[in-house]
Amino acid sequence: MNARLINWFKFSSPATFYPLAGKMVPIFTLLAVVLIGVGLYMSFFVAPTDYKQGEGYRIIFVHVPAAWMSMFIYLIMAFWAGLGLVFNTRLSGMMTRALAPTGAIFAFLALWTGAFWGKPMWGTWWVWDARLTSELILLFLYLGYLALQGSIDDTRRADRAGALLVLVGVVNIPIIYYSVQWWNTLHQGATISMDNGSKMGVTMLWTMLIMALGFWAYTIAVALARVRSIILEREADTTWVSELAEVRR
Amino acid sequence: MFSAFKTLVGRDLLLAMRRRSDLFTTLFFFVIVVSLFPLGIGPELNTLRLIAPGVFWVAALLASMLALERLFAIDYEDGALEQMLLAPQPLFILVLAKVTAHWLVTGLPLVLMAPLLGLQYDMATDALMAMVISLLLGTPALSLIGAIGAALTLGLRGGGVLVSLLVLPLYIPVLIFGSGAVEATASGLGGQGHLSMLGAILVLSLLFAPIASSAALRISAE
(Lines give C-alpha, C1' and ligand atoms only; values in the text may rest on other atoms or scores of the structure.)
Protein backbone atom coordinates (compact mmCIF):
# COMPACT_ATOMS: atom_id res chain seq x y z
CA MET A 1 0.00 0.00 0.00
CA ASN A 2 2.62 2.42 1.13
CA ALA A 3 5.01 1.41 -1.61
CA ARG A 4 2.35 2.03 -4.23
CA LEU A 5 1.68 5.51 -2.89
CA ILE A 6 5.34 6.36 -3.04
CA ASN A 7 5.53 5.03 -6.55
CA TRP A 8 2.75 7.31 -7.69
CA PHE A 9 4.19 10.41 -6.16
CA LYS A 10 7.66 9.61 -7.39
CA PHE A 11 6.65 10.57 -10.91
CA SER A 12 4.97 13.78 -9.82
CA SER A 13 8.39 15.38 -9.80
CA PRO A 14 9.45 16.80 -13.17
CA ALA A 15 12.95 15.37 -12.72
CA THR A 16 11.70 11.77 -12.56
CA PHE A 17 8.84 12.24 -14.99
CA TYR A 18 11.02 13.69 -17.73
CA PRO A 19 12.90 10.44 -18.53
CA LEU A 20 9.72 8.37 -18.13
CA ALA A 21 7.92 10.59 -20.63
CA GLY A 22 10.92 10.31 -22.90
CA LYS A 23 10.55 6.52 -22.90
CA MET A 24 6.78 6.66 -23.46
CA VAL A 25 6.76 9.14 -26.35
CA PRO A 26 8.21 6.73 -29.01
CA ILE A 27 5.88 3.91 -27.90
CA PHE A 28 2.78 6.01 -28.24
CA THR A 29 3.99 7.62 -31.44
CA LEU A 30 4.38 4.16 -32.97
CA LEU A 31 0.96 3.12 -31.65
CA ALA A 32 -0.61 6.26 -33.08
CA VAL A 33 0.96 5.79 -36.50
CA VAL A 34 -0.10 2.12 -36.69
CA LEU A 35 -3.61 2.63 -35.36
CA ILE A 36 -4.37 5.72 -37.43
CA GLY A 37 -2.83 4.04 -40.47
CA VAL A 38 -4.98 0.93 -40.05
CA GLY A 39 -8.00 3.07 -39.19
CA LEU A 40 -7.61 5.25 -42.26
CA TYR A 41 -7.13 2.21 -44.50
CA MET A 42 -10.26 0.61 -43.07
CA SER A 43 -12.27 3.79 -43.33
CA PHE A 44 -11.35 4.28 -46.99
CA PHE A 45 -11.24 0.72 -48.35
CA VAL A 46 -12.83 -1.76 -45.93
CA ALA A 47 -15.88 0.04 -44.53
CA PRO A 48 -18.85 -0.38 -46.90
CA THR A 49 -20.49 2.53 -48.66
CA ASP A 50 -23.45 3.82 -46.73
CA TYR A 51 -26.69 3.16 -48.59
CA LYS A 52 -28.15 6.53 -47.72
CA GLN A 53 -25.20 8.88 -47.39
CA GLY A 54 -22.91 7.43 -50.05
CA GLU A 55 -19.14 7.89 -49.81
CA GLY A 56 -19.33 11.22 -48.07
CA TYR A 57 -20.09 9.65 -44.74
CA ARG A 58 -16.49 8.40 -44.46
CA ILE A 59 -15.41 11.70 -42.96
CA ILE A 60 -17.24 10.60 -39.84
CA PHE A 61 -14.32 8.28 -39.03
CA VAL A 62 -12.22 11.35 -38.37
CA HIS A 63 -15.00 13.60 -37.20
CA VAL A 64 -16.48 11.53 -34.38
CA PRO A 65 -13.19 10.47 -32.74
CA ALA A 66 -11.97 14.09 -32.96
CA ALA A 67 -15.13 15.31 -31.25
CA TRP A 68 -14.77 12.64 -28.56
CA MET A 69 -11.15 13.56 -27.99
CA SER A 70 -11.91 17.28 -27.74
CA MET A 71 -14.30 16.52 -24.88
CA PHE A 72 -12.15 13.88 -23.19
CA ILE A 73 -9.10 16.10 -23.24
CA TYR A 74 -11.01 18.85 -21.47
CA LEU A 75 -12.03 16.37 -18.78
CA ILE A 76 -8.43 15.15 -18.42
CA MET A 77 -7.30 18.77 -18.19
CA ALA A 78 -9.87 19.31 -15.46
CA PHE A 79 -8.54 16.22 -13.67
CA TRP A 80 -4.98 17.52 -13.76
CA ALA A 81 -6.14 21.00 -12.82
CA GLY A 82 -7.98 19.69 -9.78
CA LEU A 83 -5.02 17.53 -8.79
CA GLY A 84 -2.69 20.49 -9.16
CA LEU A 85 -4.84 22.76 -7.01
CA VAL A 86 -5.27 20.11 -4.30
CA PHE A 87 -1.75 18.67 -4.08
CA ASN A 88 0.06 21.75 -5.34
CA THR A 89 2.19 19.69 -7.71
CA ARG A 90 4.03 21.51 -10.47
CA LEU A 91 3.71 18.70 -12.97
CA SER A 92 -0.10 18.83 -13.00
CA GLY A 93 -0.09 22.39 -14.25
CA MET A 94 2.40 21.46 -16.93
CA MET A 95 0.23 18.53 -18.03
CA THR A 96 -2.83 20.79 -18.23
CA ARG A 97 -0.85 23.25 -20.29
CA ALA A 98 0.52 20.48 -22.53
CA LEU A 99 -2.92 19.02 -23.26
CA ALA A 100 -4.69 22.29 -24.09
CA PRO A 101 -3.33 22.91 -27.63
CA THR A 102 -4.13 19.32 -28.67
CA GLY A 103 -7.65 19.69 -27.30
CA ALA A 104 -8.11 22.94 -29.16
CA ILE A 105 -6.87 21.32 -32.38
CA PHE A 106 -9.29 18.41 -31.99
CA ALA A 107 -12.20 20.77 -31.28
CA PHE A 108 -11.29 22.72 -34.40
CA LEU A 109 -10.87 19.52 -36.40
CA ALA A 110 -14.28 18.29 -35.27
CA LEU A 111 -15.89 21.55 -36.37
CA TRP A 112 -13.98 21.62 -39.65
CA THR A 113 -14.74 18.03 -40.65
CA GLY A 114 -18.29 18.55 -39.43
CA ALA A 115 -18.64 21.44 -41.86
CA PHE A 116 -17.31 19.25 -44.68
CA TRP A 117 -19.80 16.57 -43.75
CA GLY A 118 -22.64 19.04 -43.34
CA LYS A 119 -22.30 20.60 -46.78
CA PRO A 120 -23.23 17.47 -48.81
CA MET A 121 -25.52 15.94 -46.15
CA TRP A 122 -27.44 18.91 -44.78
CA GLY A 123 -26.71 21.29 -47.65
CA THR A 124 -25.07 23.83 -45.36
CA TRP A 125 -21.69 24.40 -43.80
CA TRP A 126 -23.07 25.37 -40.44
CA VAL A 127 -26.27 24.87 -38.47
CA TRP A 128 -26.90 26.44 -35.08
CA ASP A 129 -27.53 23.00 -33.73
CA ALA A 130 -27.00 22.12 -30.09
CA ARG A 131 -23.97 19.95 -30.71
CA LEU A 132 -22.27 22.31 -33.10
CA THR A 133 -22.78 25.26 -30.83
CA SER A 134 -21.51 23.53 -27.72
CA GLU A 135 -18.46 22.26 -29.59
CA LEU A 136 -17.77 25.82 -30.70
CA ILE A 137 -18.04 27.02 -27.12
CA LEU A 138 -15.65 24.25 -26.08
CA LEU A 139 -13.16 25.63 -28.59
CA PHE A 140 -13.62 29.09 -27.04
CA LEU A 141 -12.93 27.65 -23.59
CA TYR A 142 -9.69 26.11 -24.83
CA LEU A 143 -8.66 29.39 -26.43
CA GLY A 144 -9.52 31.31 -23.26
CA TYR A 145 -7.34 28.95 -21.22
CA LEU A 146 -4.45 29.30 -23.65
CA ALA A 147 -4.80 33.08 -23.70
CA LEU A 148 -4.81 33.27 -19.91
CA GLN A 149 -1.79 30.98 -19.66
CA GLY A 150 0.05 32.97 -22.27
CA SER A 151 -0.49 36.34 -20.66
CA ILE A 152 0.80 35.45 -17.19
CA ASP A 153 4.57 35.48 -16.95
CA ASP A 154 4.85 33.90 -13.52
CA THR A 155 4.42 30.20 -14.38
CA ARG A 156 3.20 29.24 -10.92
CA ARG A 157 0.42 31.79 -11.04
CA ALA A 158 -0.31 30.89 -14.67
CA ASP A 159 -0.77 27.24 -13.75
CA ARG A 160 -3.04 27.89 -10.80
CA ALA A 161 -5.11 30.55 -12.57
CA GLY A 162 -5.44 28.28 -15.58
CA ALA A 163 -6.44 25.35 -13.38
CA LEU A 164 -9.18 27.40 -11.77
CA LEU A 165 -10.46 28.51 -15.17
CA VAL A 166 -10.52 24.92 -16.45
CA LEU A 167 -12.48 23.81 -13.39
CA VAL A 168 -15.01 26.63 -13.79
CA GLY A 169 -15.31 25.69 -17.46
CA VAL A 170 -15.93 22.04 -16.68
CA VAL A 171 -18.78 22.98 -14.36
CA ASN A 172 -20.20 25.03 -17.17
CA ILE A 173 -19.94 22.42 -19.90
CA PRO A 174 -23.06 20.40 -18.97
CA ILE A 175 -24.96 23.66 -18.44
CA ILE A 176 -23.89 24.94 -21.83
CA TYR A 177 -24.68 21.63 -23.50
CA TYR A 178 -28.19 21.40 -22.12
CA SER A 179 -28.98 25.09 -22.38
CA VAL A 180 -28.05 25.03 -26.04
CA GLN A 181 -30.18 21.94 -26.55
CA TRP A 182 -33.22 23.52 -24.89
CA TRP A 183 -32.66 26.77 -26.66
CA ASN A 184 -32.91 24.98 -29.97
CA THR A 185 -35.83 22.71 -29.30
CA LEU A 186 -38.00 25.71 -28.57
CA HIS A 187 -37.39 27.20 -31.98
CA GLN A 188 -37.63 24.23 -34.25
CA GLY A 189 -36.94 20.54 -34.32
CA ALA A 190 -33.31 19.55 -34.72
CA THR A 191 -32.41 19.38 -38.39
CA ILE A 192 -30.91 15.94 -38.00
CA SER A 193 -30.40 13.56 -35.13
CA MET A 194 -26.99 12.05 -34.74
CA ASP A 195 -28.20 8.95 -32.85
CA ASN A 196 -27.40 6.51 -35.61
CA GLY A 197 -24.72 4.78 -33.54
CA SER A 198 -26.81 1.69 -32.82
CA LYS A 199 -27.75 1.21 -36.44
CA MET A 200 -24.14 1.40 -37.55
CA GLY A 201 -22.54 -1.64 -39.14
CA VAL A 202 -19.95 -3.64 -37.22
CA THR A 203 -17.08 -2.77 -39.59
CA MET A 204 -17.86 0.92 -39.30
CA LEU A 205 -17.97 0.70 -35.52
CA TRP A 206 -14.61 -1.08 -35.39
CA THR A 207 -13.06 1.44 -37.75
CA MET A 208 -14.28 4.26 -35.59
CA LEU A 209 -12.96 2.62 -32.43
CA ILE A 210 -9.55 2.05 -33.99
CA MET A 211 -9.43 5.66 -35.11
CA ALA A 212 -10.42 6.78 -31.62
CA LEU A 213 -7.68 4.66 -30.05
CA GLY A 214 -5.21 6.04 -32.58
CA PHE A 215 -6.22 9.58 -31.62
CA TRP A 216 -5.75 8.67 -27.97
CA ALA A 217 -2.24 7.42 -28.68
CA TYR A 218 -1.51 10.55 -30.70
CA THR A 219 -2.78 12.76 -27.89
CA ILE A 220 -0.67 10.99 -25.29
CA ALA A 221 2.45 11.10 -27.45
CA VAL A 222 2.05 14.78 -28.32
CA ALA A 223 1.13 15.82 -24.79
CA LEU A 224 4.12 13.99 -23.33
CA ALA A 225 6.48 15.46 -25.90
CA ARG A 226 5.08 18.90 -25.14
CA VAL A 227 5.31 18.41 -21.40
CA ARG A 228 8.97 17.46 -21.84
CA SER A 229 9.69 20.78 -23.54
CA ILE A 230 7.71 22.63 -20.88
CA ILE A 231 9.71 20.90 -18.16
CA LEU A 232 12.98 21.81 -19.87
CA GLU A 233 11.85 25.39 -20.30
CA ARG A 234 10.73 25.89 -16.72
CA GLU A 235 13.46 23.92 -15.00
CA ALA A 236 16.21 25.32 -17.21
CA ASP A 237 18.30 26.57 -14.28
CA THR A 238 18.24 23.38 -12.20
CA THR A 239 21.18 21.03 -11.93
CA TRP A 240 19.38 17.93 -13.14
CA VAL A 241 18.48 19.63 -16.42
CA SER A 242 22.04 20.82 -16.95
CA GLU A 243 23.25 17.25 -16.40
CA LEU A 244 20.97 15.81 -19.10
CA ALA A 245 22.78 14.35 -22.07
CA GLU A 246 20.66 16.20 -24.64
CA VAL A 247 21.18 19.54 -22.88
CA ARG A 248 24.94 19.17 -22.43
CA ARG A 249 25.46 18.34 -26.04
CA MET B 1 -20.05 38.98 9.27
CA PHE B 2 -23.16 40.67 8.00
CA SER B 3 -21.89 44.04 9.22
CA ALA B 4 -18.72 43.48 7.18
CA PHE B 5 -20.92 42.82 4.17
CA LYS B 6 -22.93 46.00 4.80
CA THR B 7 -19.85 48.11 5.42
CA LEU B 8 -18.17 46.95 2.23
CA VAL B 9 -21.29 47.49 0.12
CA GLY B 10 -21.72 50.97 1.65
CA ARG B 11 -18.08 51.81 1.01
CA ASP B 12 -18.19 50.71 -2.61
CA LEU B 13 -21.44 52.57 -3.25
CA LEU B 14 -19.97 55.69 -1.66
CA LEU B 15 -16.86 55.40 -3.81
CA ALA B 16 -19.02 54.97 -6.89
CA MET B 17 -21.14 58.00 -6.00
CA ARG B 18 -18.00 60.12 -5.68
CA ARG B 19 -16.99 59.21 -9.24
CA ARG B 20 -20.30 59.51 -11.01
CA SER B 21 -18.82 59.54 -14.50
CA ASP B 22 -17.74 55.92 -14.01
CA LEU B 23 -21.23 55.10 -12.94
CA PHE B 24 -22.77 56.36 -16.14
CA THR B 25 -20.29 54.98 -18.67
CA THR B 26 -21.68 51.44 -18.45
CA LEU B 27 -25.25 52.66 -18.76
CA PHE B 28 -24.46 54.89 -21.73
CA PHE B 29 -22.55 52.08 -23.38
CA PHE B 30 -25.65 49.91 -23.10
CA VAL B 31 -27.89 52.68 -24.46
CA ILE B 32 -25.57 53.42 -27.36
CA VAL B 33 -25.09 49.79 -28.39
CA VAL B 34 -28.84 49.17 -28.30
CA SER B 35 -29.50 52.35 -30.31
CA LEU B 36 -26.91 51.44 -32.93
CA PHE B 37 -28.74 48.35 -34.11
CA PRO B 38 -31.73 50.11 -35.67
CA LEU B 39 -29.26 52.34 -37.51
CA GLY B 40 -27.42 49.34 -38.84
CA ILE B 41 -30.38 47.14 -39.63
CA GLY B 42 -32.98 49.69 -40.66
CA PRO B 43 -36.03 51.07 -38.91
CA GLU B 44 -38.40 48.26 -39.93
CA LEU B 45 -40.43 47.73 -36.74
CA ASN B 46 -41.26 44.08 -37.41
CA THR B 47 -37.58 43.19 -37.71
CA LEU B 48 -36.70 45.26 -34.65
CA ARG B 49 -39.34 43.54 -32.55
CA LEU B 50 -37.89 40.20 -33.63
CA ILE B 51 -34.26 40.98 -32.80
CA ALA B 52 -34.91 43.05 -29.66
CA PRO B 53 -34.37 40.23 -27.09
CA GLY B 54 -31.07 39.20 -28.60
CA VAL B 55 -29.84 42.77 -29.03
CA PHE B 56 -30.72 43.75 -25.48
CA TRP B 57 -29.13 40.70 -23.97
CA VAL B 58 -25.94 40.90 -26.00
CA ALA B 59 -25.66 44.59 -25.14
CA ALA B 60 -26.18 43.76 -21.46
CA LEU B 61 -23.49 41.07 -21.69
CA LEU B 62 -20.99 43.46 -23.25
CA ALA B 63 -21.81 46.27 -20.83
CA SER B 64 -21.44 43.99 -17.84
CA MET B 65 -18.16 42.66 -19.24
CA LEU B 66 -16.75 46.16 -19.78
CA ALA B 67 -17.52 47.08 -16.21
CA LEU B 68 -15.72 44.04 -14.83
CA GLU B 69 -12.30 45.59 -15.12
CA ARG B 70 -13.06 48.04 -12.35
CA LEU B 71 -14.44 45.41 -10.00
CA PHE B 72 -11.20 44.57 -8.20
CA ALA B 73 -8.62 46.67 -10.04
CA ILE B 74 -8.81 49.83 -7.91
CA ASP B 75 -8.66 47.90 -4.65
CA TYR B 76 -5.78 45.87 -6.03
CA GLU B 77 -3.80 48.97 -6.90
CA ASP B 78 -4.23 50.82 -3.60
CA GLY B 79 -3.72 47.71 -1.47
CA ALA B 80 -7.24 47.52 -0.05
CA LEU B 81 -7.64 44.10 -1.62
CA GLU B 82 -4.75 42.69 0.37
CA GLN B 83 -6.37 43.95 3.53
CA MET B 84 -9.54 42.13 2.52
CA LEU B 85 -7.58 38.93 1.95
CA LEU B 86 -6.09 39.28 5.43
CA ALA B 87 -9.38 40.22 7.10
CA PRO B 88 -10.86 37.83 9.69
CA GLN B 89 -14.18 37.77 7.85
CA PRO B 90 -14.51 35.03 5.23
CA LEU B 91 -13.45 36.16 1.78
CA PHE B 92 -16.66 34.67 0.40
CA ILE B 93 -18.70 37.38 2.13
CA LEU B 94 -16.35 40.16 1.08
CA VAL B 95 -16.38 39.05 -2.56
CA LEU B 96 -20.15 38.80 -2.42
CA ALA B 97 -20.29 42.35 -1.06
CA LYS B 98 -18.00 43.67 -3.80
CA VAL B 99 -20.09 41.96 -6.46
CA THR B 100 -23.35 43.20 -4.94
CA ALA B 101 -22.13 46.78 -4.94
CA HIS B 102 -20.82 46.36 -8.46
CA TRP B 103 -24.16 45.05 -9.65
CA LEU B 104 -26.07 47.87 -7.93
CA VAL B 105 -23.87 50.37 -9.74
CA THR B 106 -23.58 48.77 -13.18
CA GLY B 107 -26.30 46.13 -13.50
CA LEU B 108 -29.37 47.68 -11.92
CA PRO B 109 -29.32 50.83 -14.09
CA LEU B 110 -29.44 48.63 -17.19
CA VAL B 111 -32.45 46.78 -15.84
CA LEU B 112 -34.24 50.06 -15.16
CA MET B 113 -33.29 51.52 -18.52
CA ALA B 114 -34.27 48.47 -20.59
CA PRO B 115 -38.06 49.05 -20.74
CA LEU B 116 -37.57 52.58 -22.01
CA LEU B 117 -35.30 51.34 -24.78
CA GLY B 118 -37.69 48.47 -25.41
CA LEU B 119 -40.33 51.02 -26.41
CA GLN B 120 -37.98 52.17 -29.16
CA TYR B 121 -38.06 48.61 -30.45
CA ASP B 122 -41.87 48.59 -30.31
CA MET B 123 -41.99 45.70 -27.86
CA ALA B 124 -45.30 44.58 -26.35
CA THR B 125 -45.96 45.21 -22.66
CA ASP B 126 -45.69 41.60 -21.57
CA ALA B 127 -42.45 41.17 -23.52
CA LEU B 128 -41.11 44.27 -21.77
CA MET B 129 -42.12 42.79 -18.44
CA ALA B 130 -40.34 39.53 -19.28
CA MET B 131 -37.30 41.53 -20.36
CA VAL B 132 -37.10 43.37 -17.03
CA ILE B 133 -37.57 40.19 -15.00
CA SER B 134 -35.03 38.24 -17.05
CA LEU B 135 -32.49 41.06 -16.79
CA LEU B 136 -33.18 41.33 -13.07
CA LEU B 137 -32.40 37.64 -12.66
CA GLY B 138 -29.63 37.48 -15.23
CA THR B 139 -27.43 40.52 -14.67
CA PRO B 140 -26.48 39.56 -11.08
CA ALA B 141 -25.47 36.16 -12.40
CA LEU B 142 -23.36 37.93 -15.03
CA SER B 143 -21.64 40.01 -12.35
CA LEU B 144 -21.02 36.93 -10.21
CA ILE B 145 -19.59 34.83 -13.05
CA GLY B 146 -17.65 37.78 -14.40
CA ALA B 147 -16.02 38.32 -11.01
CA ILE B 148 -14.12 35.05 -11.51
CA GLY B 149 -12.66 36.35 -14.75
CA ALA B 150 -11.93 39.75 -13.24
CA ALA B 151 -10.12 38.12 -10.33
CA LEU B 152 -8.09 35.83 -12.59
CA THR B 153 -6.87 38.64 -14.84
CA LEU B 154 -6.04 41.05 -12.02
CA GLY B 155 -2.99 43.13 -12.85
CA LEU B 156 -2.27 41.43 -16.18
CA ARG B 157 -1.31 43.25 -19.32
CA GLY B 158 -4.17 43.38 -21.80
CA GLY B 159 -6.54 42.37 -19.02
CA GLY B 160 -9.60 43.89 -20.66
CA VAL B 161 -9.43 41.83 -23.84
CA LEU B 162 -8.44 38.75 -21.92
CA VAL B 163 -11.43 39.02 -19.61
CA SER B 164 -13.76 38.96 -22.59
CA LEU B 165 -12.15 35.79 -23.88
CA LEU B 166 -12.49 34.07 -20.51
CA VAL B 167 -15.89 35.30 -19.47
CA LEU B 168 -18.00 35.46 -22.61
CA PRO B 169 -18.13 31.65 -23.14
CA LEU B 170 -19.26 31.30 -19.54
CA TYR B 171 -21.98 33.91 -20.11
CA ILE B 172 -23.63 31.89 -22.86
CA PRO B 173 -26.22 30.01 -20.73
CA VAL B 174 -27.42 33.29 -19.23
CA LEU B 175 -27.70 34.80 -22.70
CA ILE B 176 -29.63 31.81 -24.05
CA PHE B 177 -32.16 31.68 -21.26
CA GLY B 178 -32.43 35.45 -20.91
CA SER B 179 -33.21 36.18 -24.52
CA GLY B 180 -35.19 32.92 -24.68
CA ALA B 181 -37.53 34.14 -21.94
CA VAL B 182 -38.27 37.37 -23.77
CA GLU B 183 -38.70 35.64 -27.11
CA ALA B 184 -40.98 32.97 -25.68
CA THR B 185 -43.14 35.62 -24.02
CA ALA B 186 -43.28 37.70 -27.17
CA SER B 187 -44.37 34.70 -29.23
CA GLY B 188 -47.06 33.81 -26.70
CA LEU B 189 -45.45 30.63 -25.36
CA GLY B 190 -44.79 32.02 -21.90
CA GLY B 191 -41.29 32.49 -20.55
CA GLN B 192 -41.84 30.74 -17.25
CA GLY B 193 -39.47 27.84 -17.94
CA HIS B 194 -36.65 30.09 -19.12
CA LEU B 195 -37.08 32.37 -16.14
CA SER B 196 -36.92 29.40 -13.78
CA MET B 197 -33.68 28.25 -15.39
CA LEU B 198 -32.32 31.77 -15.13
CA GLY B 199 -33.22 31.79 -11.44
CA ALA B 200 -31.49 28.44 -11.01
CA ILE B 201 -28.35 29.79 -12.68
CA LEU B 202 -28.47 32.81 -10.38
CA VAL B 203 -28.77 30.65 -7.26
CA LEU B 204 -25.96 28.35 -8.37
CA SER B 205 -23.64 31.20 -9.26
CA LEU B 206 -24.52 32.92 -5.97
CA LEU B 207 -23.29 29.84 -4.16
CA PHE B 208 -20.27 28.84 -6.21
CA ALA B 209 -18.98 31.88 -8.08
CA PRO B 210 -17.79 33.72 -4.92
CA ILE B 211 -15.84 30.61 -3.90
CA ALA B 212 -14.12 30.48 -7.26
CA SER B 213 -13.53 34.25 -7.20
CA SER B 214 -11.99 34.04 -3.74
CA ALA B 215 -9.65 31.30 -4.89
CA ALA B 216 -8.78 33.34 -7.98
CA LEU B 217 -8.08 36.44 -5.86
CA ARG B 218 -5.75 34.47 -3.62
CA ILE B 219 -3.90 33.19 -6.71
CA SER B 220 -3.66 36.64 -8.28
CA ALA B 221 -2.67 38.58 -5.18
CA GLU B 222 -0.08 36.24 -3.78
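1. Met71(A) lies in helix α3 of chain A; helices here are DSSP runs of H or I with at least four residues, numbered from the N terminus. The model is a predicted one, in which local features need pLDDT of at least 70 and side-chain atom pairs count only at pLDDT 80 or more, while totals for chains, interfaces and linings use all residues. Side-chain values use heavy atoms, without hydrogens or water, residues are numbered from 1 along each chain as its sequence is written, and chains are lettered from A and ligands numbered from 1 in the order written.

2. Met71(A) is one of the residues of a nonpolar surface patch of about 790 Å².

3. Over all chains, the structure has seven salt bridges.

4. How many salt bridges cross the interface of chain A and chain B? The rule finds zero. Three residue pairs, both at pLDDT 80 or more, are in polar contact there. On the side of chain A that touches chain B, α5 (130-151) and α6 (155-187) are the elements giving two or more residues, and α6(A) has the largest share, 17 residues.

5. In contact terms (heavy atoms within 4.5 Å), 28 residues of chain A meet 25 residues of chain B.

Notes. Salt bridge = Lys/Arg side-chain N within 4 Å of Asp/Glu carboxyl O. Polar contact = N/O pair within 3.5 Å; in protein donor to acceptor, adjacent residues only side chain to side chain. Patch = residues over 30% accessible without salt bridge, like charges linked within 9 Å, V, L, I, M, F, W, Y side chains within 5 Å. Areas by Shrake-Rupley, 256 points an atom, 1.4 Å probe, with all protein chains shown as cover.
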